[in-house]
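Q: Please take a close look at a single part of this model. I would like the ligand site described contact by contact.

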Amino acid sequence: MAELYGGIRFIKGIGEQRAKSLEKLGITTLYDLISYFPRDYEDRSRLTSLSGVEDGECACVSATVCSSPRLHLVRKGMELLKFDITDGTAKCGVTFFNQSYLKNNIRHGEDYRFYGKFNRAGNFITVSNPIFEKEGKELEMVGRIMPVYRLTAGISQKILVRAIRQGLDAISDGLPETIPASTREKYGLIDVVAAYNLIHDPKSEEDIQRARTRLIFEELFVLSCALQRRKFAGKTRAGYKLHPLDPDMFWSKLPFAPTDAQKRVVAEAFGDMSSGRVMNRLVQGDVGSGKTAVAAACCWFAACAGLQSAFMAPTEILAEQHYATLSDMLEPFGIRCSLLTGHMTKKQKNEVYEALRLGCTDVVIGTHALLSEGVEFRYLGLVVADEQHRFGVEQRTSLAKKGDDPHVLIMSATPIPRTLALIIYGELDVSVIDQLPPGRQKIDTFAVREDMRERINKFIARLVGEGRQVYIICPAIDENELTNYAAVESYYKNLRENVFPNLRTACLHGRMKAAEKEAVMRAFKDGETDILVSTTVIEVGVDVPNAALIVVENADRFGLSQLHQLRGRVGRGSHKSYCVLFNQSDSPESAQRLRALCKLSDGFKISEVDLNMRGPGDFFGSRQSGLPATKLAELSCDTETLYAAQEEAKLLFESDPELKKFENRALAEKIRQFDDAMLN
Ligand code: ADP
Ligand code: MG
């Protein structure tokens, strides 16, 4: 048996040159070779009679050459080889262009199998450059369902077909099974050897399906096991074991009653924190579902046990807002809160550092500034990260490293389709706040075009007249901060000078100094500004209950989930609220996407639509996607299989937590490779 992870030079026909070309396709080992799955298939298996071929049909016929092949020189450099074939039902003219060498391979009176695209006009049938092989020998490229591989220079279909066939033969007795027999039986999955053989050499459509089903399951199973193992590793780590407390002690001092969902999620988190193992929990909740109060409850729980909490927010404005909210909620309990942002003076920062080191501050709320070297804790027991997808895993971990295995709570307002959540946050436990506080109204959403500009402006003026405030999210021109900035400035200038000269307007963008931003935001919060023109810096979390309308320019340039986030800036108070989306694109897809958003108000549904329309790569922006590459599985489509694979992975780890059993060795190896690939 050949070495599965060994090289492929032993394969006939693969010399140094071709090995190099194959490397371009990602094939270096024997295992890579047999895992190089076809991108498509061509059915060259069914024999058609010549009389039955239709014009333009790709067909396979078995026929006798019934005229001597002749060379014709049509014009300089162009040679035609022509002859006729017949299968007894009809005659067909065959032409090869510039392949005069074939003259000696084709003999009058002999039988061949031809595959090609036939042309037909009445009884006049022709085919050009068909693939052919002599009948009577074992057929290689015709007479079967042909796999179609992605190619590169120097590598033809034929070379790949032959190499892969040899590769499969070489390991036919030694391809280790990665899916436990019980699982295969439960889901009717074929074994590994059969699957690899059938995916490359199927005899029927069903063969392809059976092979795919098994291989997709395998892919998702390995993925699930890898994540399960990480989760298991985290689970077994000891963590601060907090003495259980009744959450009602916390809830009773809040100005509102918690929703059932908030209560449930807090109970789950408290359960983790008193289990003796480290908490690693993701709290997902739609905009406005009240995640901050959940986080505050956890900070309260930690503080009651004498532990410090660090609360990390993605922007200064949010850090400040959270600081204000958490102080309000926690100070009645005598819990001391501090704020730490990058723009504070050195002296201010040093004071916070000192308080943290001495344990005089219980909860610190801050931006990335929390990661700086000066930050040391006396007893860091809890790390909270808000709007998690903006932070890398490393940042979360590096904050946690400032303590001794603190509990970790991550909050995401981007509802992630369950499929993706399982993968991206695979090592986390997930809680969902699937309920909004009572009294929230639906935000009426309209997708409009330029011809509505006048009416929208009147609407803005009317709402402001009623005492409400308005957000205008300005053109996202591109990813470039500079152009966006220029666009916002000129948009704002026009709005202030020409459109609403009598209203109080302000402008907010990412290039302003922190202090300026804060002042602008503060003024808007305090009701001193009627209209706030802003880039997406206000996207997450900012809370102004009096804002009742958000207008988004170039809405077609945003993802639906992001628009939903933006929309969540309004409707946070008791006022009827609206969202107007200017569609400046002509594409029908844009119109369709925006229409979907007008109808939907559930962030999870919206994220599913977004995912289906734009694919997972786009979902978080490809850079942040963190999704593993899969060969066959479509993470957004093969949901059922993923659930099943997750289930089976769990069962497997219950019976063999460290994958020590002999029959799981191949799986263990695959997981190791998966982990390596994820880390790179
Ligand atoms: P998000 O989940 O988007 O972070 P927030 O935590 O900012 O939501 O909460 C949104 C608003 O709802 C805040 O003004 C908060 O005070 C309020 N809120 C949170 N929970 C409740 C509740 N159970 N009842 C009423 N209002 C609530
Ligand atoms: Mg929030």
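Which residues surround ligand 1, and which of them are the closest?

A: This is a predicted model, in which local features need pLDDT of at least 70, side-chain atom pairs count only at pLDDT 80 or more, and totals for chains, interfaces and linings use all residues. Residues are numbered from 1 along each chain as its sequence is written, chains are lettered from A and ligands numbered from 1 in the order in which they are written, and side-chain values use heavy atoms, with hydrogens and water left out.

Ligand 1 is surrounded by 16 residues, counted when one of their heavy atoms lies within 4 Å of it. Gln 262, Gly 288, Lys 291, Thr 292 and Arg 440 are the closest. By class, this shell holds five nonpolar, six polar and five charged residues. Here Ala, Val, Leu, Ile, Met, Phe, Trp, Tyr, Cys and Pro count as nonpolar, Asp, Glu, Lys and Arg as charged, and the others, Gly among them, as polar.

Now the backbone. A polar backbone atom of Gly 288 lies 2.6 Å from an oxygen atom of ligand 1. For Gly 290, the distance from a polar backbone atom to a ligand 1 oxygen is 3.0 Å. For Ser 289, it is 3.4 Å. A polar contact is a pair of N or O atoms within 3.5 Å.

Next, cover. On its own, ligand 1 has 560 Å² of accessible area, and the protein covers 83% of that. Such areas come from the Shrake-Rupley method with a 1.4 Å probe.

Key:
Polar contact = N/O pair within 3.5 Å; in protein donor to acceptor, adjacent residues only side chain to side chain.
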